[in-house]
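My notes follow in the order I checked things.

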Amino acid sequence: MSTTTYAVSGMSCAHCRAALTEAVGALDGVTGVDVDLAAGHVTVTSVAEPDDARIAAAVDDAGYELTGRAA
């Protein structure tokens, strides 16, 4: 299992949380998604190291911007 936290901009409400959880959670290998609106972070749990480009594309498709991995 791998857990990676990303910084995502544009999130502000429960709809944002639901949209990102659905979009990222639909990716192959993703087993969990936790959206922290206050911190602007999305934590992804997956069976292997996640493909940052695929995660970024899913976030973009949902209408948000992945700005990189969170420290």
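Predicted model: local features only at pLDDT ≥ 70, side-chain atom pairs only at ≥ 80, totals over all residues.

Residues are numbered from 1 along each chain as its sequence is written, and side-chain values use heavy atoms, with hydrogens and water left out.

**Entry: strand pairing.** I followed strand 1 along strand 3. The two pair in the antiparallel sense over 6 bridges. Strands here are DSSP runs of E of at least two residues, helices are runs of H or I of at least four, and both are numbered from the N terminus. Two strands pair if DSSP finds at least two bridges between them. Further along, Y6 stands opposite V42 in strand 3. I then looked at the pairing of strand 1 with strand 4. These strands run antiparallel and are joined by 4 bridges. A7 stands opposite G68 in strand 4.

**Entry: the hairpin.** I moved to strand 2 and strand 3 (residues 41–46). They run antiparallel, joined by 6 bridges. I noted that D36 has H41 in strand 3 as its bridge partner. The hairpin has 4 residues between the strands, and G40 takes a positive phi near 75 degrees there.

Entry: What is the order of the strands? I read it as 2-3-1-4, an open sheet of 4 strands with antiparallel pairing. Strand 2 (30–36) and strand 4 (65–69) are the edge strands, each pairing on one side only. The twist averages 30 degrees from one strand to the next.

**Entry: faces of strand 3.** In a regular strand the side chains alternate between the two faces of the sheet. I listed both faces for strand 3. V42, V44 and S46 make the covered face. H41, T43 and T45 make the uncovered one.

**Entry: helices on the sheet.** I checked where each helix lies. Helix 1 lies across strand 1 (2–9), strand 2 and strand 3, and runs at about 160 degrees to strand 2. Helix 2 packs on the sheet too, touching strand 1, strand 3 and strand 4. Its direction makes about 150 degrees with that of strand 4. For angles, axes are lines fitted to C-alpha atoms, for helices over the stretch in contact, and values run from 0 to 180 degrees between N-to-C directions. Contact means heavy atoms within 4.5 Å.

**Entry: helix against helix.** I looked up helix 1 (residues 14–25) and helix 2 (residues 52–61). Their axes come within 9 Å and cross at roughly 140 degrees. Helix 1 and helix 2 are therefore oblique to each other. The cut-offs: under 35 degrees is roughly parallel, over 145 roughly antiparallel, 65 to 115 roughly perpendicular, and the rest oblique. The crossing of helix 1 and helix 2 is right-handed. Which residues make the contact? I found L20, A23 and V24 of helix 1 and I55, A58 and V59 of helix 2. The residues of this contact divide into 6 nonpolar, no polar and no charged.

**Entry: T4.** T4 sits in strand 1. Is T4 buried or exposed? At 5% relative accessibility, T4 counts as buried. Buried means under 20% relative accessible area, exposed over 50%, and partly exposed in between (1.4 Å probe, protein chains only). Leaving aside neighbours within four places in sequence, I see T4 in contact with V42, T43, V44, E49, P50 and R69.

**Entry: T21.** T21 is in helix 1. At 31% relative accessibility, T21 counts as partly exposed. Beyond its neighbours within four places in sequence, T21 is in contact with V33 and V35. I also took the C-alpha to C-alpha distance from T21 to A62, which is 9.6 Å, with the two 41 residues apart in sequence.

**Entry: M1.** M1 lies in the segment before strand 1. At 74% relative accessibility, M1 counts as exposed. Not counting residues up to four places away in sequence, M1 touches T31, T45, S46 and V47. M1 and C13 are 12 residues apart in sequence and 29 Å apart in space, C-alpha to C-alpha.

Key: Left-handed = near helix turned anticlockwise from the far one by under 90°. Nonpolar A, V, L, I, M, F, W, Y, C, P; charged D, E, K, R; others polar.
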